[in-house]
Amino acid sequence: MTSPRAIQKAFLAKEQAEGVGARVRRSIGTASLRNFSPFLMLDHFSVSPGAGFPDHPHRGQETVTYMLSGVADHEDFAGNQGTIEEGDLQFMTAGRGIVHSEMPRPNKDGKASVGMQLWVDLPEKLKMCQPRYRDLRAKEIPTINVDDDKVTIKIISGQSHGTDSVKDLAYTPVWMFDITIKPGGKLSQELPAGWNAFAYALAGSTTFGAGEEQTTVGQYHNVVFEQKGDSIVAEVAKDAEEDGRIFLVAGQPLDQKVVQYGPFVLNSQEGVYQAMMDFQTNSNGFERAKGWRSEIGKSMAH
């Protein structure tokens, strides 16, 4: 018998400007939710033609980018290039240092490219590891249906109802699911005990919790769960006009201090100062940044 987790808080992710001309709804990494280890930031981004995230550095974290619609190109100072399309993910480990550009391609219909980007903290011993990338294609993601096909679960990482994801793609253990619940559908998803977990509402209205402790949220809300308990319960009302779609994520908390300055995430103030100095002097992992400009980011240069 599983024990459903209670809800700690639920709040709306407000839209803000980010990058060059891009819009994001940031929920983790704001005054509403900080220090939710191992998660550092969650952005629901929308990038119209002519906007993007040109050349910028990182150190000390992993980023997970999930394309919900559209196509995005990636390029870094080590010569790595890649493209992710709708339903694909890219896991990037910044480690000791990376400078890269993330630029959605213009869509033929002129619509914005939309996706999620999650920043995950690295254990202190891996902060200075070598950068790496791992892509996960939509066709590789196991998809299952439960509750008489009223619930569809894409298992990006982790386990659900006896089905495992393809592979572990991040250094820090994280479970991640894209879940669609039809009107009248109900889901109970088990999660590892003691992990921090949240569910971001991508579409529709979804009710979380069990019994008298239920909370219904609409699109763009983030629901944060208590650590106690081993499952989350979610459902959509029978008379709902549309499906509920949620991005459910759980991660193993890291027992370490977080000191962050923009894209640099370390464990001390000294570590952050060192990262800034290394980036400015093109050293200790940032050697290849000297004089480098991405091809895909040049259209944003002024």
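**Fold, cores and local geometry of the predicted chain**

Phe39 is in contact (heavy atoms within 4.5 Å) with Ile28, Leu118, Trp119, Val120, Val174, Asn196, Phe198, Val249, Ala250 and Gly251, when residues up to four places away in sequence are not counted. The model is predicted: local features need pLDDT of at least 70 and side-chain atom pairs count only at pLDDT 80 or more, whereas totals for chains, interfaces and linings use all residues. Residues are numbered from 1 along each chain as its sequence is written, and side-chain values use heavy atoms, with hydrogens and water left out.

Phe39 is also listed among the residues with the most contacts inside the largest nonpolar core, together with Leu89, Leu118, Ile156, Met176 and Phe247. This core has 27 residues. A nonpolar core is here a set of buried Ala, Val, Leu, Ile, Met, Phe, Trp, Tyr and Cys residues joined through side-chain atoms within 4.5 Å; buried denotes under 20% relative accessible area, exposed over 50%, and partly exposed the range in between, with a 1.4 Å probe and protein chains only. Two or more residues are given to the core by each of strands S4 (39-47), S6 (61-69), S9 (89-93), S11 (113-121), S17 (174-181), S19 (196-203) and S24 (244-251). Apart from this core lies another, of 25 residues, which includes Ile153, Trp195, Ala201 and Phe225. In soluble globular proteins, nonpolar side chains tend to be buried together.

The C-alpha trace spans about 60 × 45 × 35 Å along its principal axes. Of the 302 residues, 51% count as buried. Among contacts with a separation of 6 or more, 72% are made by residues 24 or more positions apart. The chain carries 31 positive and 38 negative charges, whose mean positions are 4 Å apart. Lys and Arg count as positive and Asp and Glu as negative, without His and the chain ends; each charge is placed at NZ of Lys, CZ of Arg, CG of Asp or CD of Glu.

Ser37 and Pro38 are joined by a cis peptide bond, with omega of about 5 degrees, and Pro38 is placed in the loop between strand S3 (22-26) and S4. Asp148, although not a glycine, has a positive phi of about 55 degrees; this residue belongs to the loop between strand S13 (143-146) and strand S14 (151-157) and is exposed, at 69% relative accessible area. Tyr220, likewise not a glycine, has a positive phi of about 75 degrees. Its loop connects strand S21 (215-217) and strand S22 (221-225), and Tyr220 is partly exposed, with a relative accessible area of 24%.

Tyr220 is one of the residues in contact with Phe11, alongside Ser27, Ser32, Leu33, His221, Asn222 and Val224, with neighbours within four places in sequence left aside. Phe11 lies in strand S1 (residues 7-12) and counts as buried, at 10% relative accessibility. The C-alpha atoms of Phe11 and Ala250, 239 residues apart in sequence, are 18 Å apart in space.

Glu75, in strand S7 (residues 72-76), is buried at 8% relative accessible area. Beyond four places in sequence, Glu75 touches Asn80, Gln81, Val99, His100, Ser101, Trp292, Ser294, Glu295 and Ile296. Glu86, by contrast, is exposed at 53% and occupies the loop between strand S8 (81-84) and S9. The contacts of Glu86, again without residues up to four places away, are Met67, Leu68, Ser69, Gly70 and Ala138; the C-alpha atoms of Glu86 and Ser69, 17 residues apart along the chain, are separated by 4.8 Å. Met103, in strand S10 (residues 98-104), counts as buried at 6% relative accessibility.

How values were computed
Helix = DSSP H or I, 4+ residues; strand = E, 2+ residues; numbered from the N terminus.
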